[in-house]
Structure formats: C-alpha cells, structure tokens
Amino acid sequence: MLFDSHAHVNIPSADVRFRPEYSINSLLSEMDKHKIDKSVVMINPTFRFFKCPKDNKHKVAVQDTDKKNTLRLHCIQCNTTLYEGPDPTRIYNLELLEKIEPFSERFFPMLTITLSNSTIPFEVSFFESHFSNKFVGYKVHPRICFRPLDEITIFPTTRPILIHTGVDFPPTQTNLNFVRNYKGTVILAHAGRFDSNFLYFTKNFPNVYIDTAPSSLMYKGKLTDLHPPFNTLISKPNDIYKYLIEQIGEDKLLFGSDVPWGNYSDEIEIFNSGNFSKDVYDKISYLNLLSALNLN
C-alpha cells in the first residue's frame, strides 16, 4: 500500500502561476497509473493575488487588521494595500471539497489557511462547524504569506497542520516557536530542508513528522534548497531517506511527492531504491501517515 502525504491540484476558478491545468482528474489519473492508493490533497497555493501586479519580485505580506474576519495583503515595496477582506482562499477550499467528493475514498483533504490572526479563527470555526468530517487538517505556507509562523497566536484547533519549510524564508526558529506550542500533529514539509533544528524536534517531539516531498527536486537542488551540513552528505537521491532515517528514525518519515512540482515516477523510483525491509517500507509508505493524521 502506498499513500502520498503531499499532493496539490489546481481549482478551475483559481488564477495560479504554476501548472493551472493540473486538476483533480490529472492527479487521479497519475495515482492510478503509479498505484498510489490515497493522497493528502491541497490546493495549488501559487495564487496571483499573493503577487504585486506592478512587480512580481515585490514582497506581499499578509497582515492582521482590527476589523472582524478581515486580513490585508500589503505590498512592502509599494507600501500599498492590494486586498482587504476575508481569507481569499476559502472559496477554493470549498471547491476542492466539492470536486473530490465523488472520490472521497482516495483522498485526505487539507485546507489551505492564510496566515492572519484576524481571520484564522473564523476559517477554522467555519470549516469545522460545517465540514468537520470532510477534511483532515490544514496547510500553512509562511513563505507565500511572507509572514513568520510564530506571529500567529490564534489557531483554535488540534487538527494536523502541514507547514511549508524553506531555506529562504522564514527563519527556522519562527516555525519551531509555533511547533513547540501547538497541541496537534505537525508535519514539516520538504524534509524540513534538512535543518538540524527541525530534525531534532521531529525526533524528540511525539507530535512532529517530516515528509520527503519531493526527494527528486531536493536532490537536484541540494546545494541551495537544503541546509548544511547534511546537504553535502547526499551523493545520490535515496540518501535523503537514508539520512532522514538516521536522524529521526523510520517512525516519523512520510513518503510524499509534491505533485505537480515533483512527479510520481521519480519519487517512487527513489523510494523503492532504498531497499527497505517490509516493516520500514510500510511505515514510510502509509502507516506513519495514518498515525500523523490520527487515523489509526
């Protein structure tokens, strides 16, 4: 059995900057082709509203407001407000739940939440009141929101949270400050970029897991996309699994693809080349994910 702990699809009504054609049907077709039984699925987060229309390189930050259920998207360089209102991702999360309903046995949906203290309580309350049995947890993306995660003081849930990690933003410590205080399960995406602090937390905190999505791209970009010193120790793609198991053990590691950024052919080949025992294979391929999602 093989579960994907990290997959994305595009919602037709959304204006995204990467692979807008990659739909639920695209993902299902690839899952069938590569014998993926189930996937954690999330919306493609590369929305154009997170970019300044004047200059793509400008930083657009998510800010709180003093208005009920209202956040602000503010361009730092232009010093202009691009949007002010409710969490703009809600309509796409709703569409995701609608689109996957006919295939609900194949998916573990996660809802993308924009990082604002003034809207998170309303989003959590809305989805947990009306769609409680339709999704498993939440995805947060500090880099796209251009906001350190430890600025979020209100997250009124204990459902699993998947956190995007990177080497450019935000600093690792800001994520760890949040993780340390969160009562639910945390999944650190993209192997925590091999940051030693993330690896320590994963090994020593019972509620923290790490996914391998996407091992192929992390290997190709190891010098810039992964933290030292571990990035210098990876001489072949399946070393990613080898060193993660050495650092955190096989009970905290999740197979993930990050499709459509990653691809199943490469990810499965790398995973299988580890020649794991059946016990270790089963843990990484699906058992650990069930544990992380509280579905044991």
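In which loop is His 190 found? In this predicted model, His 190 is found in the loop between β9 (186-188) and α6. The backbone of His 190 has a phi near 60 degrees, a positive value in a residue other than glycine. At 3% relative accessibility, His 190 counts as buried, since the cut-off for a buried residue is under 20%.

A positive phi in a residue other than glycine is also assigned to Asn 79, with a value near 55 degrees. Asn 79 is found in the loop between β4 (71-75) and β5 (80-85). Its relative accessibility is 58%, so Asn 79 counts as exposed, the cut-off here being over 50%. Thus His 190 is buried, whereas Asn 79 is exposed.

The protein as a whole contains 11 helices and 11 strands. Its radius of gyration is 18 Å, close to the 19 Å that the globule rule gives for 296 residues, and the protein is therefore as compact as a globular protein of that length. The C-alpha trace spans about 55 × 45 × 35 Å along its principal axes. Of the 296 residues, 57% count as buried. Contacts between residues at least 6 apart in sequence were also examined, and 70% of them join residues at least 24 apart. The protein exposes about 12500 Å², of which carbon and sulfur atoms supply 51%. Charged side chains number 32 positive and 33 negative, and the centres of the two sets lie 3 Å apart.

An open sheet is formed by 8 strands in the order β1-β2-β6-β7-β8-β9-β10-β11, with parallel pairing. The edges of this sheet are β1 (3-9) and β11 (253-254), each of which pairs on one side only. Within the sheet, β7 (residues 137-140) and β8 (residues 161-163) run parallel and are joined by 3 bridges. Val 140 stands opposite Ile 163 in β8.

The loop between β8 and α5 (172-181) contains Pro 170. A cis peptide bond, with omega of about -5 degrees, joins Phe 169 to Pro 170. Another cis peptide bond joins Pro 228 and Pro 229, where omega is about 0 degrees. Pro 229 lies in the loop between α8 (222-225) and α9.

Helix α9 comprises residues 239-248, and Asp 239 is placed in it. Asp 239 has a relative accessible area of 2% and is buried. When neighbours within four places in sequence are left aside, Asp 239 is in contact with Leu 233 and Ile 234. The buried residues of α9 are Asp 239, Ile 240, Tyr 241, Tyr 243, Leu 244 and Ile 248. An α-helix has 3.6 residues a turn, so residues three or four places apart point the same way. Among the buried residues of the helix are Ile 240, Leu 244 and Ile 248.

The packing partners of the buried residues of α9 include both helices and strands. The helices are α6 (196-204), α7 (215-220), α10 (264-272) and α11 (278-292). Just after α9, Gly 249 takes a positive phi of about 90 degrees.

Note on methods: Residues numbered from 1 in each chain as written. Predicted model: local features only at pLDDT ≥ 70, side-chain atom pairs only at ≥ 80, totals over all residues. Heavy atoms only, no water. Helix = DSSP H or I, 4+ residues; strand = E, 2+ residues; numbered from the N terminus. Rg over C-alpha atoms; globule rule 2.2 N^0.38 Å. Buried < 20%, exposed > 50% of the residue type's maximum accessible area, 1.4 Å probe, protein only. Contact = heavy atoms within 4.5 Å. Areas by Shrake-Rupley, 256 points an atom, 1.4 Å probe, with all protein chains shown as cover. Lys, Arg positive; Asp, Glu negative; His and termini not counted. Charge placed at Lys NZ, Arg CZ, Asp CG, Glu CD. Pairing = 2+ DSSP bridges.
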